[in-house]
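Colleague: Hi! Could you walk me through this one while I look at it?

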Amino acid sequence: MTATATAATTPAAGPTRVLRRLARRELHSPRSTAAILLAVLLVLVALWIAVETVLALIGVRPLLVAPGEIPGAAASLPSTQPVILGVAGALVLLLGVVLIGIALGPGRRHRHLLSTGRVLAVVDDEVIASALAQRASTTAATHPDGTSVAVGRRTAAIRITPASGMNVDRSEVDRAVAADLDAFGLQPSLRSTTSISSNGKVGQ
């Protein structure tokens, strides 16, 4: 696992505007994928209209419906195909809501800012999860394979599966992980939750 880092020396008062902009760019993904998919969809629609137009000009049967028949077909839908019209309307509405959500909501990469004095670094969530798993495993005195961590935007969920017959102090693990998170100074900050599996592993 690797960490993607963007670091620079900053004044004591905090990161500069340029550094904050760079950090935001590293934390948020661009909308290029959604834009490309939408562009491809529009191109396919335009291509279909162009093909139907050419077929109508040369007197060949349309693939779906001739361009000149589209208004009449649309006007007759409410009376002839209400179910199809309702389904199509729901799909169009759903597509519109999804596109609006994509346009308004910032894309997020699985990364956090790591603040260490006058330096800011962008760290992959996998690296954070690995560090927290090691801390939790060491504190609980369990095998590393029995500890898993899932890091989200605001939470780090730790799950420990101890050896059979072994008791783990959950509060001690919580304190150790919380101390590491405080030392990391992550932005956005993470809150850890620890769960202990009731079914222990044999042979750890």
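Colleague: Where does Ala140 lie?
Modeller: Ala140 is in helix α5; helices here are DSSP runs (H or I, at least four residues), strands are E runs of at least two, and both are numbered from the N terminus. This is a predicted model: local features need pLDDT of at least 70, side-chain atom pairs count only at pLDDT 80 or more, and totals for chains, interfaces and linings use all residues. Residues are numbered from 1 along each chain as its sequence is written, and side-chain values use heavy atoms, leaving out hydrogens and water.

Colleague: Is Ala140 buried or exposed?
Modeller: Ala140 counts as buried because its relative accessibility is 7%; buried means under 20% relative accessible area, exposed over 50%, and partly exposed in between (1.4 Å probe, protein chains only).

Colleague: And what does Ala140 touch?
Modeller: Leaving out residues up to four places away in sequence, Ala140 touches Ile160, Met166, Val168 and Val173, where contact means heavy atoms within 4.5 Å.

Colleague: New topic: which residues touch the most other members of the largest nonpolar core?
Modeller: Ile128, Leu132, Val149, Val151, Val173, Val177 and Leu190 do, out of 18 residues. Such a core is a set of buried Ala, Val, Leu, Ile, Met, Phe, Trp, Tyr and Cys residues joined through side-chain atoms within 4.5 Å. At least two residues each come from α5 (125-140), β3 (147-151), β4 (155-160) and α6 (170-184), and α5 gives the largest share, six residues.
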